[in-house]
Every structure is written in C-alpha cells, then in structure tokens.
Amino acid sequence: LSPQGAVYYLFGATGDLAKRKLFPALFSLYKEGKLSEKFAVVGLARRPRTNEQFRSDVYDSIVEFCRYKADDAELWNRFAEHFEYMSLDINTVDGFRELSKLSEQLEAKFDIPGNRLFYLALAPALFGPVSFNLRDGGLLECKGWSRVVIEKPFGYDLPSAQKLNDQLSQVFKEEEIFRIDHYLGKEMVQNIQVIRFANAFFEPLWNNNHIANVQITLSETVGVEDRGGYYDKSGALRDMGQNHMLQMLTMIAMEPPSRLHGEDIRDEKVKVLRSLRNYKSSDEVRENVVRAQYSEGSARGKELAGYRQEDSVNPESTTETYFAAKVAVDNFRWAGVPFYIRTGKRLPVKTTEVVIEFKSMPQNVLFAQRHDLAPNLLVIRVNPMEGIYIKVNAKTPGADNSVQPVAMEFCQSCQIGLNTPEAYERLIHDAVRGDSTYFTRWDEVAQAWEFVDKIAQAWGEDKKDLQSYPAGSWGPEAADKLLAEDGFHWWPVN
Ligand code: BG6
C-alpha cells in the first residue's frame, strides 16, 4: 500500500489536538517524504483566520511539539504553502459547497488525484451533522477515495455510540471509517504481536498453564489540565478504560491471526472483547473494580490541587480520576488468569507498562527453604521508555546457592532515542494508505462499551465506593487489595 496524494480536511483546526499532535505529525511525514508534494491541508473551524495566521499557528505548534525542527526555511515555506484555512459553520451546508469548490482548486494546484481525508477532531455530537453536510455539500463526489478519521470518545455509552455509528454509516462505509485509538499507533503496542508471535520463548508459554497474571498500568502525572469540562463528564473509565486499556488487553490476549491483515487481526481482537466476563451485579462490580478521585497532594516539591478544585470541575464531583479492575477473559487460553488494569491522573510517574507474571517453577522447591524466589516477569515498556525486559533468577556471584532476580533488557529508546514516529504520524499515514489495522472496528467499539457500561451503571447506582487518593500517590489501597486477595501485588513500574 503506497501513500497517495490527498487533501486533508482538519475539522477542529484551532483546537488542542491539531496543535499538539496533528500539525507536528504532518510535518514529520513531510520531512520523511511520506506526503510527497501532492497534498493540501485545509484547516476548518468557526473562528475567522487568514491563511497567514493559520500557517503561523502551524509553525508555532511544530516548533513546540514536533520531533523535527522547522529550521530549514526553504523546506518550511514549501510545506506551509500546502496549508489553507477556511472559517466554516458546520451546521449549514452552504459553507461545505464552498469547501467543495476550494477542494477542486487545491486538487488542480497540487495535482492531487481526488482523494479526500476528513479528520474530525470534534465533539462526538458533531460527527453526524458534519458527515451529512459533507455528503450534501458534494464533497464526497470526488474522483478518488474519501475516508473519515474520527477522534475518541466514540460516544458516551453503547446506545450513544450506536447512534453515532448509525449516522456515520448513512454516509460512509465501514472501510471508509477510521476510528482513532492513538495507543494502537504506539510503537511498542504494535510490537506486542511481534514479541508474541515471532519468538519461540514466549508464544508456547502464553497461556494459563504458565502465566499467573497480567498487569497493565497507564499512569499519568498530569491532572485534568484545561479539559475539566470534558473530563468531569467522562472520568477515567470512559476516557482511558473503554479504549486504550481494553485495546492493549486485546493485543496481549488475542489468538494469533491467520494472516497479518487488518481484518484478521481485528477479528481476533473482537473475540477477546467478546470473551471478557461482564460483571453481573453491582456487588460484583464493587468486588472487582476500584474507583477513586485525587485530592490535594504534592509531587516533586510542588503542591497540587485536588480534582474538585480544578477549573471547570463540579466542586462536588464524584467523577473518578483513577480506576483499577480485575478482568477475566473467559476462553481456553486465559481461563483462570486475572488481568489487572489500572489508570489514573496525578500518579507519581508517567508510564505505560504491561507486566506478564509467570507461574513459579515447581523446581522452586529446591531453593524454597532458603530463598523466596521471585517469579519470572516479562515487562513491555510502552511509554515514555520503549523496550522490553525479562526478569530471571540467577545465582548471586560468589555466594553459595544464593539466587537473585536479574533483568535482561532490550531498551529501544536507549538505542535510537525517544524519536520513534509518534502514534499520530503512523495512524495518519495508515489512513492515507487505506490500512485500518490499527484503527478500531465498530464491533470492537460496541463490545468494549458493553463491558464498560456494566461498570458505569453500577457506579451510577450509588457512589459510596468512590475512594480518594492524594495527588502524587499511587492511588487507593483498595487497588492493592484487589491483587492481594489473589496472592499477588502490583509490580513497581520503572
Ligand atoms: C487521551 C486521554 O486519549 O490519552 C487523555 O483523553 C490522556 O486524558 C491521553 O492524557 C494519554 O495519552 P498518552 O499518549 O500521553 O499516554
């Protein structure tokens, strides 16, 4: 699949995502020759802006957030020429007709073969209206393909997601819809299937005979920043659980696909989601899922406000900023192996890590009288460090019969620096190539909502179980108890 020329329509072009992720991703792709010269970017938002102002916004964003520098003036000017801005009222079709005319001009100017990528960095309620207006404004009557990239959150629960999907499907076919989960664009998340399926060390052991438990941690040091309005309605479960965490879980748990093709991989992922054991009652939710909210605290010598004091957050909010859950995957490979997942804001470190804890060797009896042998671990470090390490037991040099855990490590980020392509670069490139492997298919999204809705429903019934944790700490003790009850503990993250 080779990249083709296209017009990129960025709805929400004055927003945070465009600034932090999308403009830098486009610049990196350009620098690497992946955009060629046959492209145009149309920034769309309601706010009036001249092309010059828009290009200057793009420049500032690249200087601040891009892994490449924009210090080659000639290259920058060539890149910036492809950017246009149009102020658009997305609720009326007239502006879309104008956009259609502008598209034809840009296609002629840059010799673009009529391919159109509509990137909707908008609130979900606008996905439907924008799609209808794209159709009615004639934007889909192009010579090449048209595809739509949708940002999360894809709905608030299953019924609202279903409604969104119904609206989108009136305009686009499933293979034209690219639902972003940017965790799937991360290098080490994509590496999970290589580590699993290309190594004789791991795949034969990847089951309930040998694995004791799996732990997935997505910890963040940031609070809600300026997203209080959105976050207070969403919470950690919907913001991170329904998408990033369950997607990572599927990558760890899925069966080998028959081919490395998008549909085959997604078929396997959706089977995992179907095998998740839904909690059957509110009591079961409370036994298996812990939720908490950060209160005032401190980190690295800085005082931190509590969640309820954050901007645009209800001062009596009961929204969770942390959750941890024990999840069961009811299939032959995983029966009996708990998956523990946790995520939270204002935790002590920013990290995404998966720990596979192996069952102890029966030979441990040989050492048991004198040593408490640690289990073997495989740790997949997704972010910010990228790499894997395994913890094995080895003899302590010099000592008699003394055993110590040692780490064997592959540190990708140490070798090539923290400069691997950003998730958004990869995903935009994939969407243009028509490769939807690392985008979520509708059945995955629906299945994930079904699982999450059971938890949200129980939480809605009463709020007594909402815990609190000081900002800068590792969350509530109840999350430790989840594992302790099974004889396990969270492995410290690095
Ligand atoms: C987003 C969430 O999807 O992911 C944010 O909405 C979160 O709340 C972010 O901060 C984390 O992404 P990353 O790539 O920084 O781990």
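**A salt bridge, the ligand shell and the cavities**

Modeller: Asp111 and Lys38 form a salt bridge, with 3.5 Å between the closest N and O atoms. Asp111 sits in the loop between α4 (93-110) and β4 (116-120), and Lys38 in the loop between α1 (16-31) and β2 (39-45), so the pair ties together parts that are 73 residues apart in sequence. A salt bridge here is a side-chain nitrogen of Lys or Arg within 4 Å of a carboxyl oxygen of Asp or Glu; by this rule the count comes to 38. Helices (H or I, at least four residues) and strands (E, at least two) are DSSP runs, numbered from the N terminus.

The model is predicted: local features need pLDDT of at least 70, side-chain atom pairs count only at pLDDT 80 or more, and totals for chains, interfaces and linings use all residues. Residues are numbered from 1 along each chain as its sequence is written, and side-chain values use heavy atoms, with hydrogens and water left out.

Now the ligand. Around it stand Lys152, His182, Tyr183, Lys186, Glu220, Arg227, Asp239, Met240, His244, Lys345, Lys350 and Asn383, where a residue is near a molecule if one of its heavy atoms lies within 4 Å of it. By class, this shell has 7 charged, 3 polar and 2 nonpolar residues. Ala, Val, Leu, Ile, Met, Phe, Trp, Tyr, Cys and Pro count as nonpolar, Asp, Glu, Lys and Arg as charged, and the others, Gly among them, as polar. The most residues in the shell, 3, come from helix α8 (residues 228-253).

Lys152 is joined to Pro153 by one, with omega about 0 degrees, and Pro153 lies in the loop between β5 (146-150) and α6 (158-169). Another, also with omega about 0 degrees, joins Asn383 and Pro384; Pro384 is in the loop between β14 (377-383) and β15 (387-395). In the loop between β7 (211-219) and α8 lies Glu225, a residue other than glycine whose phi is positive, near 50 degrees.

The structure holds 2 cavities of 30 Å³ or more. A cavity is a set of points, on a 1 Å grid over the protein atoms alone, where a 1.4 Å probe fits but cannot get out, and lining residues have an atom within 4 Å of a point. Points are joined across faces, edges and corners, and the volume is the space filled by probe spheres set on them. The largest cavity has about 130 Å³ of space. It is lined by 14 residues, of which Asp181, Gln242, Asn243, Thr440 and Val445 are the closest to its centre. Helices α8 and α14 (442-461) each give two or more residues to that lining, which has 5 nonpolar, 4 polar and 5 charged residues.

The second largest cavity, of about 40 Å³, is lined by Leu237, Gly241, Leu246, Phe323, Ala325, Ile341, Phe451, Val452 and Ile455. The elements giving two or more residues there are α8, β11 (322-328) and α14. This lining has 8 nonpolar residues, 1 polar and no charged.

How values were computed
1 Å grid on protein atoms, 1.4 Å probe; cavity = no way out; pocket = protein on both sides within 12 Å on 5 of 7 lines; lining within 4 Å.
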